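Thanks for coming, everyone. Let's look at the model together and walk through it one piece at a time.

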Number of protein chains: 2
Amino acid sequence: MLPFTRLSVSGERFCVAYRLVGTEAEARAKAADICVEQTIEFPAELVPDDDIRAHIFGRVEDFHPLGENSYQAIISYAVEITAFELPQLLNVIFGNISLKPGIRMEWIDIPDELLKAFPGPSFGRAGLRELLQIHNRPLLCSALKPMGLPIEVLADIAYRLARGGVDLIKDDHGLTNQGFSPFKERVERCAEAVAKANRETDGRTLYVPNVTGPAEHAIKRALFAKEAGAGGVLISPGLVGFDTMARLAEDPRLKLPILCHPAFLGAFIVSQDHGVSHYALFGQLMRLAGADVIIFPNYGGRFAFTKEECASIVKGTQVPMGHLKSIFPAPSGGMSLERVQEMVDFYGQEVVLLIGGDLHRHGRDLAATSERFRKFVGAL
Amino acid sequence: MLPFTRLSVSGERFCVAYRLVGTEAEARAKAADICVEQTIEFPAELVPDDDIRAHIFGRVEDFHPLGENSYQAIISYAVEITAFELPQLLNVIFGNISLKPGIRMEWIDIPDELLKAFPGPSFGRAGLRELLQIHNRPLLCSALKPMGLPIEVLADIAYRLARGGVDLIKDDHGLTNQGFSPFKERVERCAEAVAKANRETDGRTLYVPNVTGPAEHAIKRALFAKEAGAGGVLISPGLVGFDTMARLAEDPRLKLPILCHPAFLGAFIVSQDHGVSHYALFGQLMRLAGADVIIFPNYGGRFAFTKEECASIVKGTQVPMGHLKSIFPAPSGGMSLERVQEMVDFYGQEVVLLIGGDLHRHGRDLAATSERFRKFVGAL
């Protein structure tokens, strides 16, 4: 038995809801296991009846059936065990138990005492609308691709998209710092091209380069991009860590909207019986980590997301979470001009409509196609 | 149609094997989709018959059945599209397609031209054995826990484990920088305790603190730990990004063995039909990212890994990969003294035996229990 321990903790706790697959007995055992696995990871019977047991152990606050062979356990944890740091918060929520089958993290509920450690999105929906001076329609976004095009061609595509009135022009998330498309040269040329179009049209289009890169390079690339005239940055937190995105959001030298790409995060959401819900991953966790726009695969595109999953992402982007701003959902993945009406019907005005390759299907005049996109959305 | 493009690429390609679930027609369609989704993400029919099509597109090099409703496609990619950077390499391997069901990344085969961009493990099995001067037996590891213990108690546990001859004493991966266990104080006290034991026994036990933390703090914590006398560092790449671990391995100021914890990575391996194989994730990718010891749940413990999965991890830690050193598997997750014989029978000598909480079950004298552990393994 360990020595008796007295801890200085506030008593404040945050809650995580898990869907547990199995019989009631199995689900109850899973809930009890989570309380230990996510905290002390130690034989519970060796811990005396002290403050570790009273405060550090997870606690099942609620347990109820969700459906056949499926239960929800709401488990609370002391805010102090997160160290008020994002990686350790993620670890408490779903670290070790990510390795166990039949456990899906559904949602989190975090009190202000913990939430205040996370500034979250700098812009959010309102801030991005203010920056773009667009208040009454969905925002339009497109991407610079395919990978392999010379920089002058990418810059020309950026120019045409901006001339046509696309609000946000992002790098393809696979463009990083390839020899055939070096980061600095690409960013300078594309930022120039968008600035030229903005001057000509009195526009406010933002160029959003991809700053995903090795460890400390993300912030270096973002600072370079800002200097070069970029209007936002794109990053894939699955590739560089959630906290690297949070740093971009917090850095006072940067202050640019952040578009978040879901690359490498799919394993969390592919199964209904495991991982993290669409709502929590794309909505709640990305807001904690500072995204202003969250890109995800729309239903009915190249990916297998359902309407219900997409609707739940939207909920996660706007559910009240203390001071954390609401952020934009950006459904994408093979979207087309033909689907704009349907997307606006489904998502309403508070959406970033991201159409990539399809804009190139409508003849050679990309600016004219972009203008059609813009006018169509403006007229909806 | 896009303008014709000529690229300066070497023609060198690397290969990724995917298991595809479905009928043969479905699997072939998935393979064709991966070639586009992981590279140009653009309507293929709009790309002219140029260098983008010839080089940037993924290419199906082989396709064959694996079993009922299951096929393997081996797809090659131009080395240049990775930008020779780890996050983008991961993106090409499994970025967007992580979001699609029925695709499992099985293994990678990377030519030297790309591999040379990744120094990999600094120590590996041979280097860690040399450091510890242990050449003829498995290495022993234990953990400082449970979370919530005062630092002086954790330091006392470290002292006793070191007195008993445990080779590697790591922080619990949930100990980061909590108010009740601040990083700097914990590391200083535990490093002192282990140094004292080493002086008394003429031992070489390494204290391995957890440096997982927000963005740039991982490297700062690692440098502090080295200064304070730590003999290695523990990090969870799932929480901070694979490349952050790679930076720890590369940093010439650090030069400490790296223990890698699988927290938050479980979603990749829980399903047979999705994600990344145990072999590739815990073996190949962790070596690319610089781990010297990879911790994973042993079969028959608190987790659901099978014997076959554990054996495949071992294969991944030692399969020839150019200059990348072989690394140690460290099966754990509820291991006990009683299972040491079985684990050595299964894993052989090239293993780190990680026993945490169970060492506390055998009476109050932790040093004596540790000594039993050591003698037992030495005598096997």
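Predicted model: local features only at pLDDT ≥ 70, side-chain atom pairs only at ≥ 80, totals over all residues.

Start at His274(A). It sits in the loop between strand 9 (258–260) and strand 10 (275–276) of chain A.

Residues are numbered from 1 along each chain as its sequence is written, chains are lettered from A and ligands numbered from 1 in the order in which they are written, and side-chain values use heavy atoms, with hydrogens and water left out.

Is His274(A) buried or exposed? His274(A) is buried, with a relative accessible area of 4%. Buried means under 20% relative accessible area, exposed means over 50%, and partly exposed is in between, using a 1.4 Å probe and protein chains only.

What does His274(A) touch? Leaving out residues up to four places away in sequence, its contacts include Phe94(A), Ile97(A) and Phe268(A), and also Gly266(B), Ala267(B) and Val270(B). Contact means heavy atoms within 4.5 Å. A polar atom of the His274(A) side chain also lies 3.3 Å from the backbone oxygen of Lys100(A).

Keep Lys100(A) in mind. Lys100(A) is linked in a network of salt bridges with Asp33(A), Glu37(A), Glu41(A), Lys145(B) and Arg302(B). A salt bridge is a side-chain nitrogen of Lys or Arg within 4 Å of a carboxyl oxygen of Asp or Glu. In general, side chains of opposite charge can pair when their charged atoms come close.

That takes us to the interface. The contact takes 80 residues from chain A and 80 residues from chain B. How much area do chain A and chain B bury between them? They bury about 7,000 Å², 65% of it on carbon and sulfur atoms. Buried area is the accessible area (1.4 Å probe) that two parts lose on being put together, summed over both. Glu41(A), Leu99(A) and Phe264(A) supply 11% of the area that chain A buries against chain B, more than any other three residues.

One example is Glu216(B) with Arg247(A), where the closest N and O atoms are 2.7 Å apart.

Which helix gives the largest share of the side of chain A that touches chain B? Helix 3 of chain A does, with 5 residues.

Over all chains, the structure holds 50 salt bridges. In one of them, Asp33(B) meets Lys100(B) at 2.6 Å, N to O. Asp33(B) lies in helix 1 (residues 24–37) and Lys100(B) in the loop between helix 3 (86–94) and strand 4 (103–109) of chain B, so the pair ties together parts that are 67 residues apart in sequence. Asp33(B) is partly exposed at 24% relative accessible area. Lys100(B) counts as buried at 7%.

Compare Asp251(B) and Arg253(B), which also meet in a salt bridge, at 2.6 Å, N to O. Here Asp251(B) is buried at 10%, whereas Arg253(B) is exposed at 52%.

Asp358(B) lies in the loop between strand 13 (352–354) and helix 14 (366–379) of chain B. Asp358(B) counts as buried, at 8% relative accessibility. A polar contact of 3.0 Å joins the side chains of Asp358(B) and His362(B).

Last stop, the core. Which residues touch the most other members of the largest nonpolar core? Among its 246 residues, they are Leu288(A) and Leu288(B). A nonpolar core is a set of buried Ala, Val, Leu, Ile, Met, Phe, Trp, Tyr and Cys residues joined through side-chain atoms within 4.5 Å. Beyond its neighbours within four places in sequence, Leu288(A) is in contact with residues including Leu86(A), Ile108(A), Phe118(A) and Met321(A).

Definitions and conventions
Helix = DSSP H or I, 4+ residues; strand = E, 2+ residues; numbered from the N terminus. Polar contact = N/O pair within 3.5 Å; in protein donor to acceptor, adjacent residues only side chain to side chain.
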